[in-house]
Amino acid sequence: MQPLDLVPRPTLVIADLHGMHKALEGNLRGADAIDENGDWKRSGADLVFLGDVIADRGRDDLKVTATINRLREQVEAAGGSCTTVAGNHDGEGLRFLVADPTSYNRAAKSPTAETMLRKQFAGFAAMSEAVSATRGDPDRTLEELRLQRVALLSPDGKDPFLGRFKMSSRGREVVKYLTGLKLFDVRGSSLFLHTPPTPGILRALIGDRETINPLFRKGVAAALKQEGIPELTGEEKEEWDKLAIVFLSADNRKAKVPEAKDPIWAKLRGQKIQSIFFGHDNESRGTWQDHSTVKLLGLDTWYGRSYSPPDQCAAAWLLPDHTVEQFSQPV
């Protein structure tokens, strides 16, 4: 099969920011993609974010989403496009905004889970700041945030949190970011995902990929009660839930990527996809040597670590001629 262009235009790919604006700015500056004022300066180039932007270890959810929304407008004005792929933590952020606060995550009771939640979901506290005049407690637990949400319930059981969140200018930036998400993107011969390409993801894409992103976006907009968006039908809701599990499961990093000889790759190549880029997996880096045609590249970095191995990268420039320029931005 004749190699196709990797991407149609130079494309900057940035993975898993984990709620840290410093990481976003560091990668953009390392890629020489923004000017001294932080504005996009690359004409005719694309920008792709691979998910896990919010609801994670960092506390800059409100600032990061506002910056990404601004960058999207600037990239498009410069003749490019900006894609935001949904990650599992973005899904958790959506759930935090729309789920029943009396039941949300009550199962997380073990000391291990409690310790993890204090660190990993600091972004929920940050998101709560959009409806509060004070900065949230960085050590507030998810259970405490849930109880705060419960305290907002009106006598009829309705939760005004989402309404108050959307009334805030900072909250609207998060909503705008969430409603712009996709589960995947294809440009050139490249497929962009949040997680490694599990068999379930590949089967879904080969089956009917044209319906996946529109349904996902409709479900997000409906959950956020966007004006003019009807609720999903029962059948649509069932399919939406399946897609979220397949594409956004945190356990996908443990799933075995099909071997190079698996017939599923030939089917994928039949759809002119030859390379796959993803975040999420902070261990499986580089190109899998046994995949001579479909090349896989993990781009996730856990910011805040006390070390930064040489092969750690959270961003890369992709060029049409199949050049991949990786770089690392310690933060």
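Contact here means heavy atoms within 4.5 Å. Helices (H or I, at least four residues) and strands (E, at least two) are DSSP runs, numbered from the N terminus. The model is predicted: local features need pLDDT of at least 70, side-chain atom pairs count only at pLDDT 80 or more, and totals for chains, interfaces and linings use all residues. Residues are numbered from 1 along each chain as its sequence is written, and side-chain values use heavy atoms, with hydrogens and water left out.

**Helix 10 and helix 11**
- Helix 10 (residues 212-223) packs on helix 11 (residues 234-248) at about 105°, with 10 Å between the axes (lines fitted to C-alpha atoms over the stretch in contact; angles run from 0 to 180 degrees between N-to-C directions).
- The two helices are therefore roughly perpendicular (65 to 115 degrees).
- Helix 10 brings Ile212, Leu215, Phe216, Lys218, Gly219 and Val220; helix 11 answers with Glu236, Glu239, Trp240, Leu243, Phe247 and Leu248.
- Eight of these residues are nonpolar, one is polar and three are charged (Ala, Val, Leu, Ile, Met, Phe, Trp, Tyr, Cys and Pro count as nonpolar; Asp, Glu, Lys and Arg as charged; the others, Gly among them, as polar).

**Helix 9 and helix 12**
- Helix 9 (residues 199-208) and helix 12 (residues 263-270) pack at about 35°, their axes 10 Å apart.
- Pro199, Leu202, Arg203 and Ile206 of helix 9 touch Ile264, Trp265, Lys267 and Leu268 of helix 12.
- This contact has six nonpolar, no polar and two charged residues.

**Whole chain**
- The protein chain has twelve helices and ten strands.
- Of its 331 residues, 50% are buried (under 20% relative accessible area, 1.4 Å probe, protein chains only).
- Among contacts with a separation of 6 or more, 73% join residues 24 or more positions apart.

Conventions: Angles under 35 degrees count as roughly parallel, over 145 as roughly antiparallel, 65 to 115 as roughly perpendicular and the rest as oblique.
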